[in-house]
Amino acid sequence: MDDASKNRRSREDHVVSFREKICYGLGDSACNVVYGLCSTLLTFFYTDYVGINAFVVGMIFLITRLFDGVSDIIMGFITDRTKSKYGKARPWILWMSVPYAVTFILLFLVPANASQTIQAIYIFVTYNLVNTIVYTALNLPYSTMASLITRDQKSRASTQAWRIFCGPMGKMVVTVSTLPLVKALGDTQRSWIIVSCIFAAIALVLLLVCFFNIEERVVIEAAQNQKVSVGKNLKALFSNQYWAICLGLWGIMVMMSTVSGTITTYYCKYILGNQELYSPIYAAELIAQSIVVLIVPYFVMRFGKRNLTLAGILLVIVAQLVWITNPMSVGVAMSSAILRGIGVAPLWACVFPMIADCAEFGQWKTHVRQDGMIFSAASVGSKVGGGLASAGIGLLMDSVGYDGLAAVQSAEAMGMIKAICMYAPIIFSAIIVVLCLLYKLDKLYPQVIADLRKRDEQGIL
């Protein structure tokens with residue numbers, strides 16, 4: 001092996017510094033400002049503050065997510081073909097930081113005195129602008145950095161763990177503080193606008209900190225001049241069975257998170273009789289999740305990502321069964337939230353390193369390197385999953401006559417809220433268990449990397 005090859009390998013196997021891990025993680029904190037509100041409180045804002053029908057909101061979210069899935073694929077192609085002095089994924093964090101902050105605020109500027117049709121059109125346009133265009137162009141390249149910061153499996157897992165620690169922290173700050181801040185500022189739509197401006201400014205600063213303190217190191221020379229047709233890219237993608245499994249894991253994970261985050265708001269308001277309980281219950285889950293996420297990397301090499309994820313999801317099922325035994329108890333709700341947070345932590349900590357491993361596996365199997373495409377196509381599952389979850393909630397709530405502006409809800413609506421909150425996470429968890437049992441890349445990965453090293457030395461993919 002010549003000196004250039006040794007230097008390249010040393011750079012690719014770089015052990016990421018603690019500072020860089022934190023700065024990379026802060027990028028996900030910023031991303032979760034939008035994701036946190038869109039997946040939890042935005043539906044509540046539209047139904048209970050603007051007065052939009054829950055079914056209309058759900059259908060807008062679903063249609064938008066389907067468009068978003070297409071934009072993900074397009075952004076994957078663009079990322080893999082981007083060439084700049086900063087790399088192919090990193091520059092997008094800089095380019096999209098300001099548009100991200102501005103469009104986030106637009107979500108809450110729904111014309112208050114307009115007809116429901118005009119309001120629905122406004123929501124559709126702005127939600128598409130935020131999610132389909134800006135958030136996609138920011139978050140997908142950011143996620144792609146998971147396979148470009150380092151090739152070292154342990155360091156990659158640790159880096160992603162800090163990302164998943166910082167991400168929920170951003171989400172927790174938003175979801176826990178929004179309702180109290182809105183109430184303190186007058187509890188009106190104007191209050192939501194002010195709060196969104198504050199969060200947008202914070203997100204912008206975090207994105208800039210992230211951009212200036214991370215680095216792309218994995219550069220596959222043989223892939224630099226590789227020109228692969230769209231058809232060959234898609235063929236390589238769909239022949240990667242582990243990518244398909246990760247698509248499912250990410251999608252179901254987001255569905256479960258979206259349903260839990262959204263329905264818990266209604267559960268606290270109408271079942272437990274106190275809307276403000278949402279903040280401590282949701283915070284308990286996210287804090288438990290974030291703490292455990294940092295511990296997971298220490299066990300990855302011993303137990304494997306799949307096995308840790310599987311064990312955690314079984315705990316989620318236990319957590320829900322505990323809550324079902326006493327659904328009216330705030331203490332049981334808090335305990336269940338903590339157990340659920342511990343249980344989902346391995347999945348959140350491992351899914352992105354698993355997708356990064358799929359990029360290596362895909363190159364090994366098909367001789368096509370497609371970091372951006374792997375992450376963008378996998379994220380389709382999350383976008384469609386989130387849309388289906390939001391639409392499903394809207395459809396189910398509308399089917400029982402839920403009215404966000406009504407002082408009292410019907411018994412049917414109350415029963416639906418309770419049923420979704422109690423049983424939906426169990427159904428999603430069962431699907432995740434099946435997907436985990438199908439994932440076997442952990443055992444194969446060392447051989448994949450060894451073979452790719454030999455190919456790198458030969459200058460072939």
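In this predicted model, the side chains of Lys305 and Asp442 meet in a salt bridge, with 4.0 Å from N to O. Lys305 belongs to helix H15 (residues 305-325) and Asp442 to helix H19 (residues 441-458), so the bridge ties together parts that are 137 residues apart in sequence. The whole structure holds 15 salt bridges.

**Salt bridges**

- Side chains of opposite charge can pair when their charged atoms come close.
- Asp28 and Arg163 form a salt bridge through their side chains, at 3.5 Å from N to O.
- This pair links distant parts of the chain. Asp28 sits in helix H2 (residues 18-38), Arg163 sits in helix H8 (residues 153-184), and 135 residues separate them.
- Asp28 has a relative accessible area of 7%, so it counts as buried. Arg163 is buried too, with a relative accessible area of 1%.
- Asp80 and Lys88 also meet in a salt bridge, again through side chains, at 3.5 Å from N to O.
- Lys88 is buried, with a relative accessible area of 17%.
- A network of salt bridges links Asp80, Lys88, Arg151, Arg156, Lys305, Asp357, Glu360, Arg369, Asp371 and Asp442. The Lys305 and Asp442 residues of the opening pair are among its members.

**The loop at Thr82**

- Thr82 lies in the loop between helix H4 (54-81) and helix H5 (90-95).
- Thr82 has 12% relative accessibility; the limit for buried is under 20%, so Thr82 counts as buried.
- A polar atom of the Thr82 side chain lies 2.7 Å from the backbone oxygen of Ile78.
- The Thr82 side chain also makes a polar contact of 3.1 Å with the side chain of Trp92.
- Setting aside neighbours within four places in sequence, Thr82 is in contact with Gly87, Lys88, Pro91, Trp92 and Trp95. One of these, Lys88, carries the salt bridge to Asp80.

**Helix H3 and its cover**

- Helix H3 (residues 42-50) is mostly covered, with eight of its nine residues buried.
- The buried residues of H3 are Leu42, Thr43, Phe44, Phe45, Tyr46, Thr47, Asp48 and Val50.
- Their cover includes H2, H4, helix H7 (116-144), H8, helix H9 (189-212) and helix H12 (241-271).
- Gly51 follows H3, and its phi is positive, near 90°.

**A nonpolar surface patch**

- Ile287, Ile291, Ile295, Tyr298, Phe299 and Phe303 make a nonpolar surface patch of about 620 Å².
- Helix H13 (278-295) and helix H14 (297-303) each supply at least two residues of this patch.
- Phe299, a member of the patch, lies in helix H14. With a relative accessibility of 35%, Phe299 counts as partly exposed.

**Asn307 in helix H15**

- Asn307 is placed in helix H15, the helix that also holds Lys305.
- The side chains of Asn307 and Arg306 are joined by a polar contact of 2.8 Å.
- Asn307 and Leu437 are 130 residues apart in sequence, yet their C-alpha atoms are 8.7 Å apart in space.

**Lys418 in helix H18**

- Lys418 is found in helix H18 (residues 411-438).
- Lys418 is partly exposed, with a relative accessible area of 33%.
- Apart from its neighbours within four places in sequence, Lys418 is in contact with Tyr267 and Pro327.
- Between Lys418 and Tyr266, the C-alpha to C-alpha distance is 9.0 Å, and the sequence separation is 152 residues.

Note on methods: Residues are numbered from 1 along each chain as its sequence is written. This is a predicted model: local features need pLDDT of at least 70, side-chain atom pairs count only at pLDDT 80 or more; totals for chains, interfaces and linings use all residues. Side-chain values use heavy atoms; hydrogens and water are left out. Helices (H or I, at least four residues) and strands (E, at least two) are DSSP runs, numbered from the N terminus. Buried means under 20% relative accessible area, exposed over 50%, partly exposed in between (1.4 Å probe, protein chains only). Contact means heavy atoms within 4.5 Å. Patches are made of residues with over 30% relative accessible area and no salt bridge: like charges are joined within 9 Å, nonpolar side chains (Val, Leu, Ile, Met, Phe, Trp, Tyr) within 5 Å. Accessible areas come from the Shrake-Rupley method with a 1.4 Å probe; for residues, only the protein chains shown count as cover. A polar contact is a pair of N or O atoms within 3.5 Å; within protein, one must be able to donate a hydrogen and the other to accept it, and residues adjacent in sequence count only if both atoms are side-chain atoms.
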